[in-house]
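Hi,

Here is the model I promised to pass on.

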Amino acid sequence: MTAETGPGDAAARPAGRPGAPPRPVEILPDHVANQIAAGEVVERPASVVKELVENALDAGAGRVEIVLRSGGKTEIRVIDDGHGMSRVDALLALDRHATSKIREAEDLRAIASFGFRGEALPSIAAVSRFELHTAEADGEGTRVRVDFGRVRSVDEVPRQPGTTVGVGSLFHDLPARAKFLRTASAETRAASEAVVLLALANPEVGFRLLSNDRALLELAAHERWEDRIDAIWGDLAETLVGIAAPAGPLRVSGLVQRPDAARPRGGRRYLFVNGRPFRDAGLGRIVDHAYRTTVAEGMHPSFFLRIETEPGMVDVNVHPAKTEVRFRDREAIERALHESVRGALAGLGSTRPVGRGGRTGGGAPAVAPGKGGGRRPRSSEGHPAGGAGPPGGGEPMPQLALFISGHRGEGETQPTGVAEDAETGSERAEFHGPELWQLHDRYILAATREGLLIVDQHSAHERVLYEEIMRRFETGGATAQALLFPVTLRFSPGEAAAVEELAGLLGRLGFELEPFGERTFILRASPQPHARFDAERCLREMIRELTEGSPLVDSARNQHERIAKSMACKGAIKAGERLGPEEARELFDRLFATELPGHDVHGRPTIVRLTVDELDRRFGRS
Ligand SMILES: Nc1ncnc2c1ncn2[C@@H]1O[C@H](COP(=O)(O)OP(=O)(O)OP(=O)(O)O)[C@@H](O)[C@H]1O
Ligand SMILES: [Mg+2]
């Protein structure tokens with residue numbers, strides 16, 4: 001080895017220094033081994049908090065209290081009402097690789113507890129003044145004190161069933177580690193984020209977090225996930241939509257933010273697999289991808305997503321602090337996430353409400369904790385769970401369930417339970433959709449079972465055109481109409497170059513352009529997306545936008561998307577155009593046949609909904 005390394009390398013490696021005396025191989029004493037392990041497990045007070053709270057949850061606690069002083073630098077105490085430990089176990093738990101959670105290597109494949117390595121307690125005890133006080137039954141109790149890895153005392157001290165672990169003077173004998181600790185407030189923030197993460201994973205457990213005697217979190221045991229989120233962040237919960245968990249071995253459930261509520265920063269993004277929180281930037285990007293076109297570029301929607309899969313499909317033993325996991329079939333996970341989020345964004349619950357909107361009026365469904373099973377009531381959601389929505393055909397189902405109140409027939413005498421009837425064939429055949437009104441030549445109003453939908457005619461038509469054009473790029477088959485009087489168009493040099501480059505794609509949209517000398521083209525045929533469509537103006541505006549750029553087209557990922565977005569925007573019915581009843585009806589029907597009817601291509605809403613509940617509230621009726 002020495003022969004192969006150059007002189008520079010040898011200088012960088014003290015072991016290779018000539019003259020260093022050979023040293024015998026020895027097994028490290030326990031307290032040294034524990035300190036080394038602590039280097040991986042215990043990075044800062046937040047990691048201690050995480051490990052201790054996980055232990056409390058593994059012990060079946062119904063309530064966990066966390067006490068911090070100076071961000072945990074001087075003191076951390078975690079108190080639980082779990083099953084506690086006997087004297088023998090309490091002593092054993094401080095040994096390395098002592099765990100009650102797995103017995104053999106095989107168990108690693110199906111871990112249901114947070115802990116499994118048997119490293120946390122000895123690691124923490126190796127780098128702090130540590131006290132474990134635990135009891136299995138009233139009147140019993142063991143208290144063990146350890147100072148930086150050396151057991152100082154073991155006493156019998158009665159306590160109620162449960163466990164308290166106190167950790168003081170963290171890293172005091174390790175100045176090098178202590179130096180890396182941040183300010184008390186930064187450490188407090190990190191520790192409370194650790195608590196929040198576990199509180200989200202366990203809504204049925206009560207939590208209290210005290211920092212220097214001030215309560216930072218006070219969370220009662222909750223039944224629904226929304227209530228826990230509400231208790232932690234307040235208003236955020238109102239902006240979330242439930243997603244459904246289709247049955248099967250791989251299930252995604254949880255809550256995602258309505259696109260209109262997304263902000264560029266500060267999104268709360270949480271992933272759980274089989275009840276365990278984990279980090280995965282790649283899956284975050286998958287979720288962002290599912291939001292595409294429904295939010296403007298750079299938005300950071302919040303999400304709370306639970307993945308439930310067979311334990312053998314996920315390896316949780318891949319990261320020292322267990323904050324990352326590895327999936328056996330990552331592609332399946334990505335697909336399931338994408339489809340579930342898309343499914344939620346396809347439903348009416350994801351559209352912008354007036355006032356409080358969905359949660360009380362049956363908009364967002366309840367998500368039961370633990371089971372992770374979101375329900376999506378048929379009556380308030382557009383498309384079936386996880387599905388990508390109808391592919392643009394004349395499928396009347398979504399509207400049928402939504403707008404059944406607009407149906408004139410036997411249904412009227414029987415307002416409840418109509419949604420079920422709606423699925424029968426005879427109703428389907430008779431249904432013609434809700435009555436529509438156009439308001440100020442700009443909005444289309446429609447009554448629904450829950451209140452009123454207000455559709456922006458321009459945005460709605462943008463969504464319709466965008467999806468049609470993208471589909472056309474995939475499948476071909478443009479519908480061009482020959483112009484009675486071909487138009488001669490002259491472009492700037494840059495624009496003319498763009499026209500030449502894009503001629504093929506424009507042709508697939510239905511624009512037939514024929515070069516006619518210097519920067520001039522003849523437009524012989526064009527698409528006809530609506531009655532008042534001005535082909536020449538649309539084309540000119542598109543070419544200008546595609547040449548000069550705009551936030552809209554710059555957010556596109558490829559040439560197809562660029563053109564589809566631009567054409568949708570420039571070709572759509574404008575605000576201010578009066579629509580005949582048939583035109584309004586057609587636009588409305590086509591909007592609800594799209595994959596994401598509630599969102600235009602700029603990341604703005606196409607639909608705003610007003611529930612009767614909200615109206616009642618405003619009129620002081622409830
Ligand atoms: N709060 C608690 N209540 C009851 N038993 C506990 C508690 N904390 C720890 N234990 C017991 O002590 C053992 C050791 O805990 P420790 O955290 O060191 O390891 P672990 O949880 O098994 O694995 P990991 O190192 O992955 O966390 C646990 O397996 C458990 O039996
Ligand atoms: Mg543990």
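Let me start with strand 10, which is covered on both faces: Arg251, Ser253, Leu255 and Gln257 are buried on one side, and Val252, Gly254 and Val256 on the other. Strands are DSSP runs of E with at least two residues, helices are runs of H or I with at least four, and both are numbered from the N terminus. In a regular strand the side chains alternate between the two faces of the sheet. Since seven of the seven residues of strand 10 (251-257) are buried, it is largely enclosed by the rest of the structure.

Before I go on: this is a predicted model, with local features needing pLDDT of at least 70, side-chain atom pairs counting only at pLDDT 80 or more, and totals for chains, interfaces and linings using all residues. Residues are numbered from 1 along each chain as its sequence is written, while chains are lettered from A and ligands numbered from 1 in the order in which they are written.

What does strand 10 pair with? Strand 9 (residues 240-243) runs antiparallel to it, joined by four bridges, and Ile243 has Gly254 as its bridge partner. Strand 13 (residues 303-308) is also antiparallel to strand 10, over six bridges, with Ser253 opposite Arg306. (Pairing takes at least two DSSP bridges between the strands.)

Next, Met85, in the loop between strand 2 (75-80) and helix 4 (87-92). Met85 is buried, with 21 other C-beta atoms within 10 Å. Its C-alpha atom is separated by 5.6 Å from that of Ala135, 50 residues apart along the chain. Setting aside neighbours within four places in sequence, Met85 is in contact (C-beta atoms, placed from the backbone, within 7 Å) with Ala90, Ala93, Thr134, Glu136 and Thr163.

Of its 87 residues, Val49, Val53, Val78, Ile124 and Val195 touch the most other members. Helix 7 (residues 184-201) gives the most to this core, nine residues. Leaving out neighbours within four places in sequence, Val195 is in contact with Val49, Val53, Ile66, Phe207, Leu209 and Leu217. Apart from this core lies another, of 39 residues, including Ala460 and Phe592.

Cheers

Notes. A residue is buried if 20 or more other C-beta atoms lie within 10 Å of its own, exposed if 12 or fewer, and partly exposed in between; C-beta atoms are placed from the backbone. Two residues are in contact if their C-beta atoms, placed from the backbone, lie within 7 Å. A nonpolar core is a set of buried Ala, Val, Leu, Ile, Met, Phe, Trp, Tyr and Cys residues joined through C-beta atoms within 7 Å.
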